[in-house]
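Student: Could you take me through this model and tie each term to its rule?

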Amino acid sequence: MDSRTVFVLLWMLLSSSTGIKLDGNGYVDVTIAISSRVQQDNTLIDKIKDMVTKGSIHLHQALDKKVYFKEATILVPPDWNSTEYTKARTESYEKANVRIDNANPAYGDEPYTLQYGECGDEGQFIHFTPNFLRDDKLIKTYGSRGKVLVHEWAHLRWGVYDEYSETNPFYYSNGRIEATRCSKNTEGQFYDESLRPCQTDPQTLLPTKGCKFFPNKYQNTDSSIMFLPSLDSVSTFCRENEHNYKAPNLQNKKCGKATRTVIFEDSVDKDALRSLKPLLSSPPAPTFKVVQRKHRVVCLVLDVSGSMDGSRILRQQQAATYFLQHIIEDQASVGIVTFSTNATTLSPLTTIDNNSTRDKLIELLPKVAKGWTYICKGLNLGLQVLKNDNGDVNGDEIIFLTDGEATDDINTCVPAAIENGTIINTLALGDKADKALREMAEKTGGNFFTASDDILSNQLLNGFFSLKLPTGDQTKDPVQIDSAGKKTSDWFNGTILVDQTIGNKTSFTITYEKSLPDISIQSPSGSTYKQVQMRHYESAKTVTLKVPGTAQPGDWKYSMQTTISQSLTVTAMSQAARADVPPIVVKARMNQQFSDGTKPLIVFAEVSQNYMSVIKTEVWATLESESGSAEELQLLDNGAGADAFRDDGIYSRYFTQMKKGRSSLKIRVKNLDGQARFTIQKRGGAPYVPGYVVNGVVELNPPKPPVSEEPLEVGRFTRTATGESFEVAFTGTTPPNFPPNRITDLSAEIQEDSVLLSWTAPGEDLDQGTAKSYEIRWSYDLQILRENFSNAHVVNTAAISPLEAGSAEQHSFNLSFTIQNGTTLFFAVQSEDEQNAKSETSNIAQASKMLPDSLSSGQPLQSTATRECFEVVFTGTTPPNFPPNKITDLSADIQEDSVLLSWTAPGEDLNQGTAKSYEIRWSYDLQMLRESFNNGHVVNTSAVSPLEAGSVEQHSFNLSFTIQYGTTLFFAVQSEDKQNAKSETSNIAQASKILPDSLSSGQPLQSTATGESFEVAFTGTTPPNFPPNKITDLSAEVREDSVFLSWTAPGEDLDQGTAKSYEIRWSYDLQILRESFSNGHVVNTAAVSPLEAGSAEQHSFNLSFTIQYGTTLFFAVQSEDKQNAKSETSNIAQASKILPDPTPSTISNPGLNLTVLVISLCVIMVICFVVAVITWSVRRRKSFDISNNWELTIWNPTTLEHYLK
C-alpha cells in the first residue's frame, strides 16, 4: 500500500467533510451565520440559541428519540463588537447551514430552505430573517420557532419536500374534494377570504381561487411536520401507512413516498438512523460557540519546483498578481511562501492598507522554478507564517498551488494541518498535481480548483478570482463580468457589457504570453483608454485598467493587436454601483465533488439578484478536464430532467461525457436580447396558516404581506463564474451508460373519451440525445403503478416516436372502453434507450372525469346541498360493505376505582344499523394509543352489547388495579361489524384521578401535595414586572342606547392586586379589533376605577350615537398597571340591538290559551249580571228599603265590591 492510499484512509477516519455530522445521537458542526447586512443586535444570538434548544427537543421527539442538536456555532458579522466572541475556525457565511439575512422578496419573513437536488439530497441552506426571530406574533402564524426549525431541517438535511401545496391546495379523491395535506386525519373547514363557504369552479369542480383550508386548532393526529408544524398536536413526520399518495404536493411529485420513509431510506443519515438506539432520557441542551472573523489572514504557498518552469510559473505569477491587485480586501493580512526542495518566506504577514502595499507584494512573487516538490515543507512554513502574528492559525487561510506529486510523505503534515482550524484552498495546475489537494480543501472548508495547461481557458486566474470570503453583503463582493482568451498574431477584439447593477471598482485585466500588445479600451460614450493610463506589471506580463469612479453602463470595447503569435486573455470585474442594490450574481456547482460513475453528475448554475431569481436567460457550462479536453453544455431551467423546478433561476443539466481525472467548471451567463426576467417565485417554506377553527369558529391569523407575482424586466447583462473542480474515477475506459432520465412533469387530462398526456422528452442518455421508445401504463389504482409498473394496463404507443430531449411531448389516446363520469385514472411512463436501458418510472399523473352531480366511487357521499340526482358505480352487484363509523365523542371519567366511558354508538355500516362489538383499550401513554392501538391494554367488554347507531353508550369498568391519586389514563375504542370490518380508532379520551378536597375556593388549604422543587433565575435583585392578565370572559349587551359590559377584574401583576386602569374600544368590524386594537373607537372610562383582581366588573356606557335596530357591535378591553404595562387584548364580545316584534306577543301553549279564554268569558258574564241587577234596582228603587244603605247615585269600587258580596 503506497503512502497516498494510507493518507486517504487516514482522512476517512478523521471526517467526511467540514459539514454537519452525527456524533453519536447528536448533530454537531452546525453553522448558523448572520449576514453582515444585519445590524448588531445581541438579542438575536439569544433568539437563535432558544430556537435551536427548543428545536432539539422537537427533533428528538420527531424521530423516535434518536437524534438531537448537540453543538452549533453562530458566526457573527465582522463589524459586530463584543469581547465575548471567539475567533472563527473554518466557518464561513457562504458555507453555513443556516443563514440569518434580510428577507427574500418572495418569502418575506417566512423561513425556507433552498433545495435544487433530487429527493433525499441535502439542501443548500436554511434562511431565517431577523424579524422572524424577533417578532413573537409570527409564532401564531407559523408555529413555534423550534418546530419550524425541524421543518426546515428536514428539507436541508434529509431532502424531503412539503406536503402542502399553494398551487394545488385541493384535489379530488373518490368523489370528494380534499385539502392537499398529510395525513388526511388532519381535519378542518373550507372558507373563502370573507369566511364564507367556498364556491366551486364550474370548469374544474374544485374550490375557486381564494378558498383556503382552515385546520382545526385541536387535532387527534400527530403528523405531519412537513404539512403543518404550527399545530400543537403535530410532533412527527408522515408514516408510510398514513401517507397521502394522491395529494398533489411536492413530496409526492419529487419523492413519491412518505417523508419518514425518505428520511430512513434515502437521506444522508439513513444508515445512522437505522442503527442508532433511542436515548433513554431527554437529550442534553445544545452547546453553542459564538465566533467571528474580523479581517482575512492569508498566506500564499506557491510551488516553484522544476516542473513549474516555463509557462506555468508565469501563469502562477499572473493569477497571484490578479488576486493581490483585485480580490484580497483592504485591511487583510497577506504572507507569501514558496516551496520546492526547501521552503522560503518571501513576505511575512503584511496588512493591505494601500495600492503601494499591493504592488510591493506583487513584485515579490516568484519568477524562477527549480528543485523537488516538498509539499510538507511549504505547508508547514505557511502555517508558521500565519502563526507569527498572534500564535494562532484558527480561521486563517492558506492558498496552496502546486503542479506535482509530493516528494515527501504527506502523511506527516496534512492531518495536523486539517485539525488546526486553518482553511486550506488548493489549486492543481496540470494533470500531475497531487491527488491530496481535493481532500485537503474539502476537510478544511476550503475550495478546490484545477487548471489545465491551456492558457486561453484562463482557469488559474478564474480560480484565484473565486477565492473570496463573502460575509453576506453582495454589494461588497466583486463579480466577474467576462473572461475570454484568444491565440492570435493579429487582432483580439471584443465587447464587455457593464450593466446597471454594477460599476464601482471596475477593472480590465489583460495577460499576454510573450510581448506586450497594443491595447485600447473604449467606454460606451466613446472615451478611449490607452496603455499609458493602465498599470503594466512587466515581469508578470499583465496589464490592468482600473476605471475611475463608477463605470458608465453599456458596451465597453477592447482592442488588442499583436505582431507575433501568442495567447492573450482579458478578464473584466466590477462591484455594485449602489450600496443599496446588490448586483446580479452567478453561483456554479456540481452535485458531487467526487464521482465513481455510479451516480450521474449534475451541473448547477444559480442566477439571482438579492435572492430574486433571474429566469429566461442563456446559460452555458464549460467542463474542461485536466488534460485540456472540454465539453460545453447549455443548462436549462425547464423543470425536467436534471432541473428540479421550472423558472426558479437554477439552471441544470446532466453531464454524461465525463472524463477520468479532475475537471474544472466554468459558467457563462448572457442576456443580450433582453428576454430575461426577475421572478418572485415561492416554493416550499414554513407554511403560513390563515387561521384555525376553534369550537366551530374561525380564529384568523394576521394577514400575510402581499408579494408581487409579476415578472420584472432585467436589463442586458453578462456574467462568468467558476465552480469548484471535481474528480471522476470509473472502471474501464469509457464512461458508464445511463438510461433516459426520469420524467418528472407528466400530466394527464381526460377529454371526453380520450386522454391527453403531456411531458418533457427525456434523452438517450439522461437528458441528452433522443430516447428510443416510451412505455405508457394506466390503472384505476394508484398503488399498482407505484409498486409494480408492469402490472398496470398498457397504452398502445406504436405511433409515437420520441422527440429530442427537452422537447414538449403531447399525445392523445383512446382507451378500450368508455370513460364513465366520475372515473379517476392514473398514468405513468417509462422510456428506453438503444441499449434497452429503461428509465425510472415517471411521476404518476391523475385525471378524473368529473362532471356536475358526479359519482362517489364506492365511498360514502358527503354532500351538504340537495342536487337533482347522483350516480353510484361499484364493482359487482351489491354495494360495498363499510365498517362502523369512527367514534369521535368518547369521554372518560374516573369514579373511585372504576372508569365511566361514554360515547355515541356507531352503526353496522357507518352510522346505520348496530355494530357487532367494541374493543376498548387504555394506556398510561397517549402516544402509544395514537401510534398503535393494539399495544394498549385491553378492557373486558364481554358484557357490553352495542346499542343501535346514534344511541348513548355509557359503561363503567373496573381495571385490574387500584387507581392511585394523580394517575392519568388514556382510552380509545374500535368497533367491529358482522363482516369483521373494524372502524378507525376513536378519539382518545383522557381521565385523571384527582385528590379530593385539594382546593376549596375561598377556604384554607386542607391538604397539599408536594411537587418537585423549582428554580428561578432572573436579572437584577427584584423579580420581573408582569402586566395584568388577559381578560377572557368579557360579555356585552345592548340595552336601548347604552351598552352593558361585564368581566372579571384582572390584577396589577397578572391576577394579583388591582390594575390601574382600563381601555375599552369598540368597532363595527370584528377584524379591526382582532388585528389592531388601537384602531377601534374609544369608550370613555374616566369614571371606571378597577376593582381588586377576581371581582366582578359591570359597567354601562352610553355611546356618542343612537344605536339603530339591527346594529352589531364588537367590544374589547385592555388593562394597564402602574408601570404602564398593558395586558393582552381581551376576548372580543359581540352585542346586537334586535328589531322588536311588530305584532303583540302570543302565547304558544294551547292549555294556557284555553284557560285565558274561560276566565275572559267568566268576567264578561259577571259584568253583564252586575249591569242587569243595577238596572233592575233603579227601576224598583221606591220599593226597596232605604235601610239597605244602597247609594245608587255614587258608584265606586268599594260600593260595587260590597254589592257583589
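**Helices on a sheet**

Tutor: Gladly. Helix H10 (residues 355-363) lies across strand E16 (333-339) and E17, and runs at about 175 degrees to E17. This is a predicted model, so local features need pLDDT of at least 70 and side-chain atom pairs count only at pLDDT 80 or more, while totals for chains, interfaces and linings use all residues. Residues are numbered from 1 along each chain as its sequence is written, and side-chain values use heavy atoms, with hydrogens and water left out.

Student: What makes H11 a helix that packs on the sheet?

Tutor: Contact means heavy atoms within 4.5 Å. Helix H11 (residues 375-390) touches strand E15 (297-303), E16, E17, strand E18 (397-402) and E19. Its direction makes about 25 degrees with that of E17; such angles run from 0 to 180 degrees between N-to-C directions of axes fitted to C-alpha atoms, for helices over the stretch in contact. Helices (H or I, at least four residues) and strands (E, at least two) are DSSP runs, numbered from the N terminus.

Student: Which residues of H11 are called buried?

Tutor: Buried means under 20% relative accessible area, exposed over 50%, and partly exposed in between, with a 1.4 Å probe and protein chains only. In H11 the residues under that limit are Ile 375, Cys 376, Gly 378, Leu 379, Gly 382, Leu 383, Val 385 and Leu 386. After H11 comes Gly 391, with a positive phi near 75 degrees.

Student: What is the strand order in the open sheet?

Tutor: The order of its six strands is E17-E16-E15-E18-E19-E20, with mixed pairing. Strand E17 (343-351) and strand E20 (448-451) are the edges: each has a single partner strand, so one side of each lacks a neighbour in the sheet. From one strand to the next, the twist averages 15 degrees.

Student: How do you know that E19 and E20 pair?

Tutor: Two strands pair if DSSP finds at least two bridges between them. Strand E19 (residues 423-429) and E20 have four, in the parallel sense, so they meet the rule.

**A covered strand**

Student: Why is E44 called mostly covered?

Tutor: In strand E44 (residues 754-760), seven of its seven residues are buried. Ser 754, Leu 756, Ser 758 and Thr 760 point one way, and Val 755, Leu 757 and Trp 759 the other. In a regular strand the side chains alternate between the two faces of the sheet.

Student: Which strands pair with E44?

Tutor: Strand E43 (residues 747-751) does, antiparallel over five bridges, and so does strand E47 (residues 808-814), antiparallel over seven bridges. Ile 750 has Val 755 in E44 as its bridge partner, and Leu 756 stands opposite Ser 812 in E47. E43 and E44 form a hairpin with two residues between them, where Glu 752 in the turn has a positive phi of about 55 degrees.
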